[in-house]
Amino acid sequence: GGLSVTRGIISGLGRTIDTELNFELEGIIQTDAAINRGNSGGPLVNSNGEVIGINTAIANPAYAQNVGFAIAIDRAKPVIEDLRKGKDRKIAFLGVAAQDVNERLVRELDLKVTEGALVVEIQAGSPAASSDLALNDVIVKIDDQQIKTANDMVSEIRSKKPGDKITITYNRNGKEKSTKVTLVERPL
């Protein structure tokens, strides 16, 4: 099988997409280059022939035509290095779905902070479920890292390994509290 190249336009950078497996892909490049089952996992190259991403997903064809997503190469490099060394890459899991705090949510839920990751779902049996976190808590910090958006939270968890202990600082009714959580491997 010879190699084939399809051309496309990059229409978005730094996107975050929710997948049907209920985990987010962040730092995503959106392109209309054809991505299908055959070339998913293949390289996305720029006009200089440099690899800038790894083709990974398409939007549901029922809703969008020719919308493909590639993981930016900076995000992929650490994973590639680990795989090269024969290390299995395990993804850390907290079990929280969150959304960005915005003015509407501040009003509706009478939140006392204007930024952070609002906890909207806690997965049963997850590390978050056995922590002190509750719905409508706003995560403002993980370890020493400020959390301003839901994406910040996802990125921070992604940078950890299963088994890592983290301290989550959250705001509940204007009081800042913290809870220690041990991350696990993401269930498939």
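Helices (H or I, at least four residues) and strands (E, at least two) are DSSP runs, numbered from the N terminus. The structure described here is a predicted model, in which local features need pLDDT of at least 70 and side-chain atom pairs count only at pLDDT 80 or more, while totals for chains, interfaces and linings use all residues. Residues are numbered from 1 along each chain as its sequence is written, and side-chain values use heavy atoms, with hydrogens and water left out.

With a relative accessibility of 0%, A70 counts as buried. The C-alpha atoms of A70 and L44 are 7.1 Å apart in space, although 26 residues separate the two in sequence.

The account now turns to β9 and its partner strands. Two strands pair if DSSP finds at least two bridges between them. Strand β9 is mostly covered, as four of its five residues are buried. Strands β8 and β9 run antiparallel and are joined by two bridges; A117 has I139 in β9 as its bridge partner. Between β9 and β11, also an antiparallel pair, there are four bridges, and here I139 stands opposite Y170 in β11.

Because K160 lies in the loop between α3 (150-158) and β11 and D143 in the loop between β9 and β10 (145-146), the pair ties together parts that are 17 residues apart in sequence. K160 is buried, with a relative accessible area of 17%, whereas D143 is partly exposed at 26% relative accessibility. A network of salt bridges links D143, E156 and K160.

Another salt bridge brings together the side chains of D137 and R172, at 2.8 Å from N to O. This pair links distant parts of the chain, 35 residues apart: D137 is in the loop between β8 (117-122) and β9 (138-142), and R172 is in strand β11 (residues 165-172). D137 is buried, having a relative accessible area of 2%, while R172 is partly exposed, with 25%.

A further salt bridge is found within a helix. E108 and R104 form it, and their closest N and O atoms are 3.0 Å apart. The two residues are separated by about one helical turn because they are four residues apart in helix α2 (residues 103-109). E108 is exposed, with a relative accessible area of 53%, and R104 is partly exposed, with 41%.

Key
A salt bridge is a side-chain nitrogen of Lys or Arg within 4 Å of a carboxyl oxygen of Asp or Glu. Buried means under 20% relative accessible area, exposed over 50%, partly exposed in between (1.4 Å probe, protein chains only).
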